[in-house]
Amino acid sequence: MRFDIITIFPEMFAGVFSGGIIKKALEREMVRIAVHDLRDFTEDRHRQVDDRPFGGLEGMVLKPEPIFRAVEAVREDETSRVYLLSPQGRRLDSALAKELASERQVILICGRYEGVDERVVEHLVDGEISIGDYVLTGGEPAAVVVVDAVSRFVPGVVGKEGSVRNDSFAEGILDFPQYTRPREFRGLEVPQVLFSGDHKKIERWRRKKALEKTVRQRPDLVEHKTLALEDRRLLEEIQNERKDE
Ligand code: SAH
């Protein structure tokens, strides 16, 4: 899988992929990331990438020609997917990240200033991707988030299969709480059940805790979900325990 990032600030990407799981994925060539300077695709002496918006108002807008040229230069073939990072796009979630992980090439265009010329949106890209309902100063941090979230779904990138499987959202609910040594810290103890050695019991406890946290913090995730019988039982238990409190 290969990512191509088109930006006017390529230097911003110097450090972000040089640690952890993404670094390993790059070393093992499971994922490739190429960063392209939009100015390299200008044809004028000043290497101009932006201009004033038609119709007045303040600010600058990224010009269409360098962006079209950049995409045409880096795209491998017609299966390549091209996305503009934009607060107006489809909100990135686990499902979208998984979808993108099955592509061979994903090209990400980072906007700046007031945004990019709308002809890029209408005639060049396959879609717009947003990382949340807020406005960033540029698409670069969003591109980093997309690359990271998508790479985790590329087979082999995250070591043990299980570590992706149990993550938050993987099964439509949040992850269960994790504990590590020490067993007691400032009088705070790790739940007894985790030392029981009874894997069935531990699994049930984890599922229950995950459901409990989801209902409390992200009720939207389970509201319209048809839960398995065992999950409904666990939820009932949780509700009864709450009444007892
Ligand atoms: N005027 C635009 C925002 C421009 S912000 C609007 O209101 O829609 C400048 C650039 O930052 C955008 O072109 C986009 O590439 C990036 N950006 C800002 N917020 C973002 C978000 N939530 N998700 C992804 N990219 C974002």
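1. A polar contact here is a pair of N or O atoms within 3.5 Å; within protein, one atom must be able to donate a hydrogen and the other to accept it, and residues adjacent in sequence count only if both atoms are side-chain atoms. The model is predicted, so local features need pLDDT of at least 70 and side-chain atom pairs pLDDT 80 or more, while totals for chains, interfaces and linings use all residues. Residues are numbered from 1 along each chain as its sequence is written, and side-chain values use heavy atoms, without hydrogens or water.

2. The shell around the ligand divides into 9 nonpolar, 9 polar and 2 charged residues, with Gly counted as polar. β5 (81-91) and β7 (127-130) each supply at least two residues of this shell; the largest share, 4 residues, comes from β5. Strands are DSSP runs (E, at least two residues), as are helices (H or I, at least four), numbered from the N terminus.

3. K63 lies in the loop between β4 (61-62) and α2 (64-74). K63 is buried, with a relative accessible area of 19% (buried means under 20%, with a 1.4 Å probe and protein chains only). The K63 side chain makes a polar contact with the side chain of E65, at 3.4 Å.

Terms used
Buried < 20%, exposed > 50% of the residue type's maximum accessible area, 1.4 Å probe, protein only.
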